[in-house]
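Subject: Structure handover and notes

Hi,

Here is the structure I promised to pass on to you. Please have it open while you read, and my notes on what turned up follow below.

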Amino acid sequence: MNLDRLQAGRFTSGDVEIAWYEAGNPDGFPILLIHGFASTAHVNWVFPGWFKTLDEAGFRVIALDNRGHGQSDKPHDPEAYHPEMMAADAAALLDSLDIGSAHVMGYSMGARISAFLAIARPDLVRSVVFGGLGLGMIEGVGDWDPIAAALLADSLDDVSDERGRMFRAFAEQTKSDRMALAACISTSRTLVRQDDLARLTMPALIGVGTRDDIAGSAEELAQLMLRARAVDIPNRDHMLAVGDKVFKAAALEFFNDVEAGSI
């Protein structure tokens, strides 16, 4: 199977049509991958080699383009992007595929969505991996209004905010709908409640780059959870940690330990 460009399937969640992708061993244990803000399933998971890595490890690999991203519908109404709704999209995908339980891995915004999914539908989540988001999931990750402004600016040349420039350039690179992304970022940042996270009983892995100035501490988040471990992704910032070999190796070890019952 060509893992460079996967054919999209489609399903409807509420009134939004969602694109999704599948590869790997159809008889393997399923892993659902949820990408980050301004990214896509291909940019976060296919091109950095996650599909290939998980396929070679024998898993059934499933990913979706979040609403507002990739080949999914792109509402311009901020009310369409609350994380509870985006988590419901992921749950609806698993339900539509008759998957009763999956490992769930999200990166950045996808980690936040994964947390909301685990809280709302713990029955669906065998284990969870939070990449690129540590304690910031609970405490916040700073002021994102400049990113919304950067996305709506006439040109990248008009953007002076450093983080805004980074995300505007990324959105242009991924040929994203910037109006949809600006709507998304205005309402998708709901913080996860510490007591909700503390009640989760499934194993968790939290991976954050050591040069990531957005995510917050992986170790401090892990300490707030019942069955969590943290991994530092050496010398990687927020944009580059997702495809790192240390992160991949830690995730595979984690999944193996979950299946072995040692975490």
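**Strands and hairpin**

Tyr21 has Ala63 as its bridge partner in β4. Strands β2 and β4 pair in the antiparallel sense, over 5 bridges; two strands are taken to pair if DSSP finds at least two bridges between them. Helices (H or I, at least four residues) and strands (E, at least two) are DSSP runs, numbered from the N terminus.

Before going further, a word on the model: it is a predicted one, in which local features need pLDDT of at least 70 and side-chain atom pairs count only at pLDDT 80 or more, while totals for chains, interfaces and linings use all residues. Residues are numbered from 1 along each chain as its sequence is written, and side-chain values use heavy atoms, with hydrogens and water left out.

Back to the strands. β2 (residues 16-24) also pairs with β1 (residues 9-13), again in the antiparallel sense and over 5 bridges. Within this pairing, Arg10 has Ala19 of β2 as its bridge partner. The hairpin of β1 and β2 has 2 residues between the strands, and Gly14 takes a positive phi near 65° there.

Most residues other than glycine have a negative phi. Ala38 has a positive phi near 70° and sits in the loop between β3 (30-34) and α1 (41-46). Ala38 counts as buried because its relative accessibility is 0%; buried means under 20% relative accessible area, exposed over 50%, and partly exposed in between (1.4 Å probe, protein chains only). Asp98 has a positive phi near 55° and belongs to the loop between α3 and β5 (102-107). With 72% relative accessibility, Asp98 counts as exposed.

**Salt bridges**

Side chains of opposite charge can pair when their charged atoms come close. How many salt bridges does the count come to? The total is 13 salt bridges, where a salt bridge is a side-chain nitrogen of Lys or Arg within 4 Å of a carboxyl oxygen of Asp or Glu.

- Lys52 and Glu56 form a salt bridge whose closest N and O atoms are 2.7 Å apart. The two lie 4 residues apart in helix α2 (residues 50-56), so about one helical turn separates them. Glu56 is exposed at a relative accessible area of 58%, and Lys52 is partly exposed at 47%.
- Arg67 and Asp89 form a salt bridge, with 2.7 Å between the closest N and O atoms. This pair links distant parts of the chain, 22 residues apart: Arg67 is in the loop between β4 (60-64) and α3 (83-96), and Asp89 is in helix α3. Arg67 is buried, with a relative accessible area of 4%, and Asp89 is buried too, with 1%.
- Arg236 and Asp244 form a salt bridge, and their closest N and O atoms are 2.7 Å apart. Arg236 is partly exposed at a relative accessible area of 30%, whereas Asp244 counts as buried at 6%.

Salt bridges that share partners also join Arg193, Asp195, Asp196 and Arg199 into one network.

**A patch of negative charge**

Which residues gather in a patch of negative charge on the surface? They are Asp143, Asp161, Glu162, Asp213 and Asp237. Patches are made of residues with over 30% relative accessible area and no salt bridge, with like charges joined within 9 Å and nonpolar side chains (Val, Leu, Ile, Met, Phe, Trp, Tyr) within 5 Å. Asp237 is located in the loop between β8 (228-233) and α11 (245-260), and its relative accessibility of 31% makes Asp237 partly exposed.

**Two C-alpha separations**

Ala57 is in the loop between α2 and β4 and is partly exposed, with a relative accessible area of 42%. The C-alpha atoms of Ala57 and Gly28 are separated by 9.1 Å, with the two residues 29 apart along the chain. Thr187 belongs to helix α8 (residues 178-187) and is buried, with a relative accessible area of 12%. Thr187 and Asp157 are 30 residues apart along the chain, and their C-alpha atoms are separated by 26 Å.

How values were computed: Areas by Shrake-Rupley, 256 points an atom, 1.4 Å probe, with all protein chains shown as cover. Lys, Arg positive; Asp, Glu negative; His and termini not counted. Charge placed at Lys NZ, Arg CZ, Asp CG, Glu CD.
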